[in-house]
Amino acid sequence: MPSEETRTETRTDKTETLTATETRAVPGQASSTSSTRAWTTWTTRLLMLGIVLAAFNLRPAITSLGALLEEVRDGLGMSGSVAGLLTSVPPLCFAVFGVTAPRLARRFGPGAVVWAGMVAITAGLLIRPYAGGTAGFLAATALALMGIAVSNVLMPVIVKRYFPDRVGSMTGLYSMALAFGTSIAAAATVPVTNALGGGWQPGLAVWATLGVAAVLAWIPFVRHREAPQSASASERTADAPGGRGAGPAPEQPPLRITRSRTAWALAVFFGLQATAAYITMGWMAQIFRDSGVSAGTAGLLLAVIMVMGVPLAFVIPRVATRLPHQGPIVLVLGVCGLAGYAGLYFAPVGGAWAWALLLGISNCAFPLALTMVGMRARTGAGVAQLSAFAQSTGYLISIPGPLLVGVLYQHSGGWGLPITLMCALMVPQIVVGVLAGRDRTVEDEVGR
């Protein structure tokens, strides 16, 4: 049975042959053919590199702060509640700014918006350690998170638009790069800080260097609005009765996405997995440190949680796209999360590495959610709407979680209640994830 990549190459060759034939018959189409050939060579490879570099920059702003949260709290004079607010800023920014991404992409093009997002990330990471005071730190953090928010929403859109026949493999590549950047920042922040003299400011600012590479990689796509013809044809004919050869479909009005039960299930699933992820990135290192683990080891444990996403984020989307129902994957990830939290409650130090491993597997609900966004809509426009709705609504749902953990920790004086909360939230995550994994699309559920 041919692989996904083999099928894609075959379809691409057929598209190029068809385009060349059409160009000979219709003299005005030479430039279109040239554009298609360009997209099948260096432009596609450069876009893939840009996707990887962008994904690599989407979490260091958060996990580097988690590794140095105690030092930042002491340096800025933060209470536990204020620190909890700080850990809730990422989902708040993702919800507020992520919903604007499809509109910005329609006006300026997705490449230009992602490039601007990389600029915002780089500037925010460079400014925030030296902004002076808690307010300036929060404002610069929000700038970086604004760039992350729009890029978060547009990555599934770009994958669907430019790689319509490789949604699973490209989502896996993007998710793997995201997990790798997350884990590297978690593991290396403390050693890098020590190597730079022990101050937390340069230890946080150094991650801006990653953003520079992503900014440069996306420059060629700032003014590039056209998808390759094979992708455009795939989207244009997705809803047509005759399939790929049925011809362009008329432009459709936006979906009434809020009428879709699948969209709501996916949004809640996204929100609950984001709650677990941002509690983990913001507080897990501190949980281990308060249990008696050294700062360096706590950073490594957080890195183990994050690094599990590197191989699994590539495997899970490819497996998910081959299953008619993604519920079994949701269940496995949820059970690993429940076991990890239970172990963290009863033996946080003795089984620390095992709990980190289990929680790392559970955190791979994120690439699964991204994959289901691409699978639960038929067209690029549908994916854009579903991605914006699921991510923005999901991040709104996740805002109280990290803040509540900080409040519970401060008022109870320990981590028993926060860990119990994390464990309890895993149950509804499993339920809505199974519902979101059913084999259907939002276009089938709603009218236009």
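Leaving aside neighbours within four places in sequence, which residues is Phe 269 in contact with? A few notes on this predicted model, starting there.

1. Phe 269 is in contact with Val 330, Ala 365, Leu 368, Ala 369, Met 372, Gln 429, Val 432 and Gly 433, once neighbours within four places in sequence are set aside. Phe 269 also turns up, with Ile 51, Tyr 174, Trp 218 and Leu 368, among the residues with the most contacts inside the largest nonpolar core, a set of 124 residues. Helix α14 (residues 261-290) gives the most to this core: 18 residues.

2. Next, the α8/α9 pair. Helix α8 (residues 110-127) packs on helix α9 (residues 133-162) at an angle of about 150°, and their axes are 7 Å apart. With angles over 145 degrees counted as roughly antiparallel, that makes α8 roughly antiparallel to α9. Their crossing is left-handed.

3. As for who meets whom in that pair, the α8 side includes Val 113, Gly 117, Ile 121 and Gly 124, while the α9 side includes Leu 143, Gly 147, Leu 154 and Arg 161. The residues of this contact of α8 with α9 split into 18 nonpolar, 4 polar and 1 charged.

4. Have a look at Trp 353 too, which sits in helix α18 (residues 352-362). Trp 353 is partly exposed, at a relative accessible area of 46%. Beyond its neighbours within four places in sequence, Trp 353 is in contact with Thr 297, Leu 300, Leu 301 and Val 304. From Trp 353 to Leu 302 the C-alpha to C-alpha separation is 9.7 Å, with the two 51 residues apart in sequence.

Notes:
Residues are numbered from 1 along each chain as its sequence is written. This is a predicted model: local features need pLDDT of at least 70, side-chain atom pairs count only at pLDDT 80 or more; totals for chains, interfaces and linings use all residues. Side-chain values use heavy atoms; hydrogens and water are left out. A nonpolar core is a set of buried Ala, Val, Leu, Ile, Met, Phe, Trp, Tyr and Cys residues joined through side-chain atoms within 4.5 Å. Buried means under 20% relative accessible area, exposed over 50%, partly exposed in between (1.4 Å probe, protein chains only). Helices (H or I, at least four residues) and strands (E, at least two) are DSSP runs, numbered from the N terminus. Contact means heavy atoms within 4.5 Å. Axes are lines fitted to C-alpha atoms, for helices over the stretch in contact, and angles run from 0 to 180 degrees between N-to-C directions. Angles under 35 degrees count as roughly parallel, over 145 as roughly antiparallel, 65 to 115 as roughly perpendicular and the rest as oblique. A crossing is left-handed if the near helix is turned anticlockwise from the far one by less than a right angle, and right-handed if clockwise. Ala, Val, Leu, Ile, Met, Phe, Trp, Tyr, Cys and Pro count as nonpolar, Asp, Glu, Lys and Arg as charged, and the others, Gly among them, as polar.
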